[in-house]
Amino acid sequence: MKKTTPRLYCLAHPKSTNAERFRSIRTNIRYSRVGGEIRSVLVTSSLPGEGKSTIAANLAAAMAENGRRVLLLDGDLRTPAVHEVFDLPNGSGLTSILVEQARWQDCIYPIQELEGLHVLTSGPISPNPAELLGSTGMKELFAELHNHWDTIVIDASSVLMPFSDALTLARMAEGVLLVVRSGKVLQKHAATAKQLLERNGARLLGAVLNRRSGRRRRYAIGSEELADWVTASGPRKG
Ligand SMILES: Nc1ncnc2c1ncn2[C@@H]1O[C@H](COP(=O)(O)OP(=O)(O)OP(=O)(O)O)[C@@H](O)[C@H]1O
Ligand SMILES: [Mg+2]
């Protein structure tokens, strides 16, 4: 893995403000489940490109830093990115397991720089991602993975799409984080996505504002501007 990958703040720049913000998101969501630690978190957004993969990867890293065994699962089978973020091959992964061409044990990558963090990439693009994600095999795999990791972080597709991949996975996860890229229009879409998720039985943990500012394409992770519907357990600007 390229240690300098700028998107992996927690590994490449562990002392940066953004790395600290991921740690505070981790702390805020850790005990958001009644009766214990949260066991699975799905990361989604209303529209593509808002920062889901970046945030899922950093959140998983921040959780592993805390001594947890964490599996980052690429559940975005149409535009997978986890393998790119960690510079891993993607010849086999989730799709290969679901079509029974591989065993999950053979598809998991340990991340050497961070003990406790493992990655399951998407696998090759499949012609029927919605069916695969909604299959009994997916539910069984998810339950099996829970036996081996403390927390599963899922990088999902966007919600406002002509397919229901994100909603299908959101029903499986214990909690959902909604990534919102800065900008008024995107915040309006985020509110629609939130409604859809809740109507489908997902449990919203909070929103993460992924803000791009200035010519230098700097990003800040926070949530202040979404104050009216970010839950108390959601991430705060750190
Ligand atoms: N906080 C961030 N820091 C640095 N780069 C970022 C950040 N957020 C997003 N980006 C950049 O913006 C682009 C989109 O981010 P990312 O891939 O995480 O979004 P996504 O929501 O997963 O997209 P998709 O809908 O295609 O899956 C990437 O090129 C990524 O490097
Ligand atoms: Mg992505």
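**Confidence and packing**

Reply: Happy to! This is a predicted model, where local features need pLDDT of at least 70, side-chain atom pairs count only at pLDDT 80 or more, and totals for chains, interfaces and linings use all residues. Residues are numbered from 1 along each chain as its sequence is written, and chains are lettered from A and ligands numbered from 1 in the order in which they are written. pLDDT is the predictor's confidence in each residue, from 0 to 100; 85% of the residues score at least 70, and the chain average is 86.

Me: Over residues 223-238, how many contacts beyond four places in sequence does the model have?
Reply: Two residues are in contact if their C-beta atoms, placed from the backbone, lie within 7 Å. pLDDT stays under 50 over this stretch, and the number of such contacts is 42.

Me: How are α2 and α3 oriented to each other?
Reply: Helices are DSSP runs (H or I, at least four residues), numbered from the N terminus. The axes, lines fitted to C-alpha atoms over the stretch in contact, cross at roughly 75 degrees and come within 9 Å for α2 (residues 17-30) and α3 (residues 52-65). Angles from 65 to 115 degrees count as roughly perpendicular, and therefore α2 and α3 are roughly perpendicular.

Me: Which residues in α3 meet F22, R23, I25 and R26 in α2?
Reply: Look along helix α3 for the partners of these four α2 residues. They are N58, L59, A62 and M63.

Methods
Axes fitted to C-alpha atoms, helices over the stretch in contact; angles between N-to-C directions. Helix = DSSP H or I, 4+ residues; strand = E, 2+ residues; numbered from the N terminus. Parallel < 35°, antiparallel > 145°, perpendicular 65-115°, else oblique.
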